[in-house]
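Please examine the sequence and the structure displayed below. The paragraphs that follow lead through them step by step.

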Amino acid sequence: MEWMQGLAPGWVTATPGLGRPAQLTALGNGVVPQQAARALRLLAPPFPRCLRCAGG
């Protein structure tokens, strides 16, 4: 299931002591990184460039 969510192999399944039911629960309750990034791009308000951060 990790590859379907765009996660690296072993991201959840290589966790020591985490059985198969717990792995599936963790993956099922997780947020797909690509989906989260898209949501932030769509929902976050546009921020003006921070002049102090840009050094100017």
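Apart from residues up to four places away in sequence, Gln23 touches Val12, Thr13 and Leu18. This is a predicted model, and the values given here are computed from it. Gln23 lies in helix 1, and its side chain reaches the backbone oxygen of Leu18 at 3.0 Å. Is Gln23 buried or exposed? Its relative accessible area is 8%, and buried means under 20%, so Gln23 counts as buried.

When neighbours within four places in sequence are left aside, Glu2 is in contact with Leu7, Ala8, Pro9, Gly10, Trp11, Val12, Thr13 and Leu27. Val12 and Thr13, listed here among the contacts of Glu2, are also touched by Gln23. The side chain of Glu2 reaches the backbone nitrogen of Gly10 at 3.1 Å. Which side chain of opposite charge is nearest to Glu2, and how far away is it? It is that of Arg20, at 7.7 Å. A salt bridge requires a side-chain nitrogen of Lys or Arg within 4 Å of a carboxyl oxygen of Asp or Glu; Glu2 has no salt bridge, although it is buried.

The surface may be considered next. Met1, Trp3, Met4 and Leu24 form a nonpolar patch there, and together they have about 480 Å² of accessible area. Of these residues, Leu24 has its place in helix 1, which spans residues 20-29. The relative accessible area of Leu24 is 35%.

Beyond helix 1, the chain continues into the loop between helix 1 and helix 2 (33-43), where Gly30 is found. Gly30 is partly exposed, with a relative accessible area of 37%. The C-alpha atoms of Gly30 and Gln5 are separated by 9.0 Å, while the two residues are 25 residues apart along the chain.

The chain as a whole may now be described. It contains two helices and zero strands. Of its 56 residues, 11% are buried; Gln23 and Glu2 are among the buried residues. The accessible surface of the chain comes to about 4800 Å², and carbon and sulfur atoms account for 65% of it.

Definitions and conventions
Residues are numbered from 1 along each chain as its sequence is written. This is a predicted model: local features need pLDDT of at least 70, side-chain atom pairs count only at pLDDT 80 or more; totals for chains, interfaces and linings use all residues. Side-chain values use heavy atoms; hydrogens and water are left out. Helices (H or I, at least four residues) and strands (E, at least two) are DSSP runs, numbered from the N terminus. Buried means under 20% relative accessible area, exposed over 50%, partly exposed in between (1.4 Å probe, protein chains only). Accessible areas come from the Shrake-Rupley method with a 1.4 Å probe; for residues, only the protein chains shown count as cover. Patches are made of residues with over 30% relative accessible area and no salt bridge: like charges are joined within 9 Å, nonpolar side chains (Val, Leu, Ile, Met, Phe, Trp, Tyr) within 5 Å. A polar contact is a pair of N or O atoms within 3.5 Å; within protein, one must be able to donate a hydrogen and the other to accept it, and residues adjacent in sequence count only if both atoms are side-chain atoms. Contact means heavy atoms within 4.5 Å. Lys and Arg count as positive and Asp and Glu as negative; His and the chain ends are not counted.
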